[in-house]
Amino acid sequence: MNPDAGGSSSSPPPRSGSQGAGAGAEEERGGKPAVVVLVGPPGCGKSTFAEAVVTGTTAGRPWVRVCQDTIGNGKAGTKIQCLKAASDALKEGKSVLIDRCNLEREQRADFVKLGGTLHVDVHAVALDLPAKVCISRAVSRKGHEGNLQGGKAALVVNRMLQKKETPLLTEGFSRIMSCNDDGDIKKAVDLYSALGPSDSLPSGMFGQKSKGPVQVGIMKFLKKGDTSSVEKSSGPKITLSESKQGQQNPLPKHEKVEAGITCRMEVEKGLDDKKENEEHAKESDSDNVGSRTLAFPSISTADFQFDLDRASDIIVDTAADFLQKFDNIRLVLVDLSEKSRILSLVKQKASKKSIDSSRFVTFVGDITQLHTKGGLQCSVIANAANWRLKPGGGGVNAAIFNAAGESLQHATKKCADALRPGTSVVVPLPSVSPLHQREGVTHVIHVLGPNMNPMRPDYLKNDYTKGSKILHEAYNSLFEKFASIVQSNMGKQNSKSGAEMSASGGTSPNDTKMKREDSHGSERMKKHKLLPPTMTAKQQHECTKANAPNYHDKSTVSSAAPNQVREGDNKKSGVVASKTWGSWAQALYELAMHPGKYKNTDSILETSDEFVVLKDLYPKAKKHVLVISRTDGLDSLADVKKEHLPLLRRMHSAGLKWAQKFLEEDSSLVFRLGYHSVPSMRQLHLHIISQDFNSTSLKNKKHWNSFTTPFFRDSVDVIEDIEQHGSATSSSDEKVLAMELRCHRCRSAHPNIPKLKSHISTCKSSFPSHLQQRNRLISLSTTMHMDCT
């Protein structure tokens, strides 16, 4: 045993069908329904499959077929009706077969979400028969429930197949089974018919084959003389391990410890062809999920003996907070044991917090074999390290160092000598590492938590107040380092595309920002741009790319390095570190420092020696502009001191001037001038924003709450704070961005952005009284009063 190790268990679980302990085992004993989403075009045999399972069940599990062709009292209905029928059946303890085409990911998403909401497994069964087989069947059938037959059926099948998206585990399915011919379909029917009330199936991908040539087009196929013959697939037949002859109960029972979509390390014996694994990896990569997925073990709960109940609270809390700030990142908690108590606890608590089960996943398996044995692509994995950052001992630390080879040891030495509890360090994994080559892991994040074991270093003597604080810091550090890697990858992609654009004629920062937001989903990564890497000063040069990405041209960065963390922050964290803004967040800084480069853009309204006035490319209201400081080193409100008061007053005056101009164009507008407490873009900038919030760019809670909660500081209040206290007070708690949606006038609550927008477009209530004081609101009447005074 390694005296410094503090990770979770790494010894393999017993290969048996025994159930796990804890809440997961109780659910197994009580029986657990499932949702089976059938995927395939008309004529592939979905209805036949569903009817065969419903009428042929032999083990007592109740099944309900939900068919959109008949859901409306025997007539075609809607997906909403299907969802309601499925929900009702699941609540009665019945398993459900969704009999509709479900060829596109969007069509499947609501059924996956339903399963996550009701905490049941969601499977996909893809009936991947050749197009000509489906067309022939659809054309020749009579009396079809949905009246899709004859010549029109051929056109419909062809059109639907053109939009087909292969189901993936990353959508939220716990199991996906592909049937490539009638033999595969029969095996799948037999498999589901034999399920008992408490039986479950292994998670993973089953029956996939390498992609063949593109299916024959509809017109070419119909020109063939014989359209009635139905050819069977020529693809290789795959023996399903669950359907072995003579096996009385082929259905292994195992604890389900996931928050909705737990995966289990089960490898189908027939899927040992490397081409199949590579094909599946390509499909996962095409969705770009692996590069935004972090797999991590439970920290400090094994050899460091941290209380599991407290640890699970911290895992769920930190994960929930982190995921609220990012829309496109996934976290996977991994443990080898099927009987893992920590996974069971996390499952229960994540469910109570209603965390999105497609973005916070638990996984039973080996963290060093997630892709090859679990079908899960994770570019970044965390290691529960020891303070010396050395290999050896047991647990996750030994497993990761062994799997990665000596190259990880050498790379780690270049980045850090040691870790302090509550901190982490990013290590880029060399491409020669077996873990990189086999599993696609590009980075390992070493993290160290608190120790409650008296036989190990830094024993805290059961001080759980201090220990919980350290464990919080450890997970926060881990998640933020992971976000910095994602941002760095995004920055490289954007830098590459930016270079290409510059070569073809150049772009403005706003143009770059627009393309980036179009590619990455409308400002999803805007909240955490100050992400601290961890390294010693001695090794800072060698690990810059992994732990402190710097996207500036050196000629434009001052010697003061305004994007680096302050010395006081270093003392707090116990490490020598630097913090940087992501490359996309530098656009305003570059414009402020070099406005002459962008003089031809129509986005710039005004330029002076002290500031630039710029149209917000993604305005959150009818009128939304920014007054950007040109003072180097003044990144945000946190940097503002008393000597900056004259600049802030002039920025405020410029904002008033532009608000007055807009009011001359539209006298019905009302404006606020203010700053975000934690801005999304580097370089201090003042928002001048009209209060109609009538904009297609206002899309989510973060957008709304960043302008209508204390997170938004009125300019007059900031100036007063600095006058009286020498610095600006601000609401740095970003949890306010996840608060419920409330009208900024009457404070009524609304469930989503469309309904909120509909309400505020007609709301005539007065603004809250505090906004009506000290000229926080700028309207035609207030500007007239200012002119008079």
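Predicted model: local features only at pLDDT ≥ 70, side-chain atom pairs only at ≥ 80, totals over all residues.
Trainee: What makes α21 roughly antiparallel to α23?

Mentor: Helix α21 (residues 645-665) and helix α23 (residues 715-725) pack at an angle of about 165°, and their axes are 10 Å apart. Angles over 145 degrees count as roughly antiparallel, and therefore α21 is described as roughly antiparallel to α23. The crossing of these two helices, α21 and α23, is left-handed.

Trainee: Which residues make the contact between α21 and α23?

Mentor: From α21 come Leu645, Leu648, Arg649 and His652, while α23 supplies Ser715, Val716, Val718, Ile719, Ile722 and Glu723. Sorted by class, the contact of α21 with α23 has six nonpolar, two polar and two charged residues.

Trainee: At what angle do α2 and α7 pack, and what is the hand of their crossing?

Mentor: Helix α2 (residues 46-56) and helix α7 (residues 182-193) pack at about 35°, with 9 Å between their axes. The crossing of α2 and α7 is right-handed. In this contact, Phe49, Ala52, Val53 and Gly56 of α2 meet Ile185, Ala188, Val189, Tyr192 and Ser193 of α7.

Trainee: How do you know the classes of the residues where α2 meets α7?

Mentor: Gly is counted as polar, whereas Ala, Val, Ile, Phe and Tyr are among those counted as nonpolar. The contact of α2 with α7 has seven nonpolar, two polar and no charged residues.

Trainee: Why is helix α13 called mostly covered?

Mentor: A residue is buried if its relative accessible area is under 20%. Eight of the ten residues of α13 (residues 395-404) are buried, so the helix is described as mostly covered. The buried residues are Gly395, Val396, Asn397, Ala398, Ile400, Phe401, Ala403 and Ala404. They pack against β8, β11, α14 (406-415), α15 (434-439) and β13. After α13 comes Gly405, which has a positive phi, near 80°.

Trainee: Which residues have the most contacts inside the largest nonpolar core?

Mentor: That core has 42 residues, and Phe296, Leu331 and Phe360 have the most contacts inside it. Among the elements giving two or more residues to this core are β8 (293-297), β9 (330-335), β10 (360-364) and α16 (464-503). Helix α16 provides the largest share, eleven residues.

Trainee: Which residues are in contact with Phe296, leaving aside its neighbours within four places in sequence?

Mentor: Phe296 is in contact with Ile315, Leu331, Val332, Leu333, Val334, Phe360, Ile367, Ala382, Tyr475, Leu478 and Phe479.

Terms used: Residues numbered from 1 in each chain as written. Heavy atoms only, no water. Axes fitted to C-alpha atoms, helices over the stretch in contact; angles between N-to-C directions. Helix = DSSP H or I, 4+ residues; strand = E, 2+ residues; numbered from the N terminus. Parallel < 35°, antiparallel > 145°, perpendicular 65-115°, else oblique. Left-handed = near helix turned anticlockwise from the far one by under 90°. Contact = heavy atoms within 4.5 Å. Core = buried A, V, L, I, M, F, W, Y, C linked by side-chain atoms within 4.5 Å. Buried < 20%, exposed > 50% of the residue type's maximum accessible area, 1.4 Å probe, protein only.
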